[in-house]
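Work through these exercises with the structure open beside you. Try each task before you read its solution.

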Amino acid sequence: MIAALDPVGIAVTALSGALLAARMRQTFVTMAFFAVLTGVGGGTVRDLLIGAPVFWVHNAWTAPVCLVVALTVWFSPARWWQGESTRVIEWADAAGLGAYAVLGTAKALALGVAPVPAAMMGVITGCVGGVIRDVVAGRPSIIMRPELYVTPAALASAICAGGTVAGLSNMAVWSVAALAGFGLRGAAIHWQLGLPAYGHVKDGDR
Amino acid sequence: MIAALDPVGIAVTALSGALLAARMRQTFVTMAFFAVLTGVGGGTVRDLLIGAPVFWVHNAWTAPVCLVVALTVWFSPARWWQGESTRVIEWADAAGLGAYAVLGTAKALALGVAPVPAAMMGVITGCVGGVIRDVVAGRPSIIMRPELYVTPAALASAICAGGTVAGLSNMAVWSVAALAGFGLRGAAIHWQLGLPAYGHVKDGDR
Amino acid sequence: MIAALDPVGIAVTALSGALLAARMRQTFVTMAFFAVLTGVGGGTVRDLLIGAPVFWVHNAWTAPVCLVVALTVWFSPARWWQGESTRVIEWADAAGLGAYAVLGTAKALALGVAPVPAAMMGVITGCVGGVIRDVVAGRPSIIMRPELYVTPAALASAICAGGTVAGLSNMAVWSVAALAGFGLRGAAIHWQLGLPAYGHVKDGDR
């Protein structure tokens, strides 16, 4: 099941990169570059950190999926990606965020990484592709916005690492963790939730 | 032959980093940092991704070459690097772009990487040093400009990967690929070619 | 002794990341992300480059130390980190800079890296965490400022590499190198020393 989900997840993440390039009126080459960067960025950093072979380098289909996404965005009518479908993509991305956070944490735990760094690998898998995309694009990174994005990834990763350490069954832990991440990110999309900033908390203290 | 070309290629790439630091009126330390970053950046990312030992870390001369380039720029008269020589440097960089794209692709293929990711390693070797340099310098990265720069690297890498998969002789494939990359980049310099941006294509569709 | 210093060093570096997030009025999640990024960034890049296992991934306490630092900054009164204590933190950071430059160089030399690239690993260990932090935060990186920051790390690293190549005793070389780096950074803090920029030197030439 995970094997079937994986191309879909990569495609959704790559799509967010390609659409950013479209919004910034970039060329096709830039669009392809961003699709690859966003699609594989988080997992790449995770694999380098835990010392695993980088997943898409020794896998023949991952990079082509990203290129096909870029080609699709380039040649399709712009209205496909506007209005209602923006919302669909955002929800697909929320599902991917939960799934990747769990996948990243589980892979790190399987390689013998300690729980706290393993949970960080989940956050990295879910979020770092988007951070690199934003830094290269020269716009404020998602990590610098109050929007709840990293937090759902952290929640899913923490539940996954905690549940595994507690010895619960993998299937149960993974499902609950991914759903929790997806749910929190979905709530943030629906109610436009954000975290309080440093100043606000201090103001409240007074 | 490749062994003899290599220090020259590194020096040309390092030079582009050092000259950017000079144009931005930076200090010598920043200039040295940029020379190293630009000179070895692309090959470093490639080696990390394909799991090879990072080429300049276990090689005693690569890093000193970058430092010598920075020292040369710092102590030489500024006019050495202006006017006519800008053009010479640009053409040397074009030759390096083609050669590095082929070198990166061939190294990845030799390590058993599949053709599409291997071609991407060629693009990374040729371009990522410049992208990192621009991101650290806080200026719009070369990947965000319509200028034909990544495209020649992609062309050379694709020909190299395609020809190797087709079983053609290495020497023929490498030469054709490097020349095609150099030729396209040269044409872009000479006629100031650029790729169409996303909006333009859509406007034309109407 | 080094084992005892290490958590302190990580904490001081992580603190600089957490405090930047506080000054930028970010959320707690961003603060934690910055504490980790700054605390482990330089050592991570060094370990990837020299092919060593990334130090904090296979170590259960390093990541938690960074998180505790972020929690401390978040829940403590803002005045703890202002006025006089800014100075204390800056001096602690100077001590860490010297120590990390030596640690990075020595680790690379121990793994058989040649002297010049090994000295660069020292600079990377001391400075790259801060560079990544600044790039992700979208502000001018420390490498782009004339302030003497990279230079003390380069001095400590060069002494460490040079002394080791000359066959001097490790303890003597390490102490002198770390003290030289700390001293130069301290002098820069005290007298606000900076390096001359490229333009100034050229103006002086005329």
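A residue counts as buried when its relative accessible area is under 20%, as exposed when over 50%, and as partly exposed in between. Keep in mind that this is a predicted model.

**Exercise 1. Classify two ring residues**

Task: Decide whether C:W74 is buried or exposed. Then describe its pairing with C:F28.

Solution: 
- Step 1. C:W74 has a relative accessibility of 8%. The limit for buried is under 20%. Therefore C:W74 counts as buried.
- Step 2. C:F28 has 25% relative accessibility, so C:F28 counts as partly exposed.
- Step 3. Take the geometry of the pair. The ring centres of C:F28 and C:W74 are 5.8 Å apart, and the planes stand at 70 degrees.
- Step 4. Planes over 60 degrees apart count as edge-to-face. The pair of C:F28 and C:W74 is therefore edge-to-face.
- Step 5. C:F28 is in helix α2 (residues 28-50) of chain C, and C:W74 is in helix α3 (residues 62-75) of chain C.

**Exercise 2. Find another aromatic pair**

Task: State how many aromatic pairs the structure holds over all chains. Then describe the pair of A:W91 and A:F182.

Solution: 
- Step 1. Over all chains there are 12 aromatic pairs.
- Step 2. For A:W91 and A:F182, the distance is 5.9 Å centre to centre, with 75 degrees between the planes. This pair is edge-to-face.
- Step 3. A:W91 sits in helix α4 (residues 84-110) of chain A, while A:F182 sits in helix α7 of chain A. They are 91 residues apart, and the pair links distant parts of the chain.
- Step 4. A:W91 has 31% relative accessibility and counts as partly exposed. A:F182, at 28%, counts as partly exposed too.
- Step 5. Look for a cluster. Ring pairs join A:F28, A:W74 and B:Y198.

**Exercise 3. Describe helix packing in chain A**

Task: Describe how α5(A) and α6(A) pack.

Solution: 
- Step 1. Two packed helices are described by the angle between their axes and the distance between the axes.
- Step 2. Helix α5 (residues 115-137) of chain A and helix α6 (residues 150-165) of chain A pack at about 145 degrees, and their axes are 8 Å apart.
- Step 3. The crossing of α5(A) and α6(A) is right-handed.
- Step 4. List some contacts. In α5(A) they include A:G122, A:V123 and A:C127; in α6(A) they include A:A154, A:S157 and A:A158.
- Step 5. Sort the contact by class. It has 10 nonpolar, 2 polar and no charged residues.

**Exercise 4. Describe helix packing in chain C**

Solution: 
- Step 1. α4(C) and α6(C) make a right-handed crossing.
- Step 2. Residues of α4(C) in the contact include C:G98, C:A101 and C:T105, and those of α6(C) include C:A156, C:S157 and C:C160.
- Step 3. By class, the contact holds 10 nonpolar, 4 polar and no charged residues.

**Exercise 5. Relate the chains**

Solution: 
- Step 1. The turn is 120 degrees, with a shift of 0.0 Å along the axis and an RMSD of 0.0 Å.
- Step 2. The two copies are therefore related as by a three-fold rotation axis.
- Step 3. Compare the contact residues. Of those in chain B, 8% recur in chain A, and the copies use different surfaces.
- Step 4. Now take chain C. A rotation of 120 degrees with 0.0 Å of shift along its axis superposes chain C on chain B, at an RMSD of 0.0 Å.
- Step 5. Only 8% of the interface residues of chain C are also interface residues in chain B, so these copies meet through different surfaces.

Methods. Residues are numbered from 1 along each chain as its sequence is written. Chains are lettered from A and ligands numbered from 1 in the order in which they are written. This is a predicted model: local features need pLDDT of at least 70, side-chain atom pairs count only at pLDDT 80 or more; totals for chains, interfaces and linings use all residues. Side-chain values use heavy atoms; hydrogens and water are left out. Axes are lines fitted to C-alpha atoms, for helices over the stretch in contact, and angles run from 0 to 180 degrees between N-to-C directions. Helices (H or I, at least four residues) and strands (E, at least two) are DSSP runs, numbered from the N terminus. A crossing is left-handed if the near helix is turned anticlockwise from the far one by less than a right angle, and right-handed if clockwise. Contact means heavy atoms within 4.5 Å. Ala, Val, Leu, Ile, Met, Phe, Trp, Tyr, Cys and Pro count as nonpolar, Asp, Glu, Lys and Arg as charged, and the others, Gly among them, as polar. Copies are superposed by least squares on the C-alpha atoms of residues with pLDDT of at least 70 in both. Rings of Phe, Tyr and Trp (its six-membered ring) pair if their centres lie within 6.5 Å; planes under 30 degrees apart count as stacked, over 60 as edge-to-face and the rest as tilted. Buried means under 20% relative accessible area, exposed over 50%, partly exposed in between (1.4 Å probe, protein chains only).
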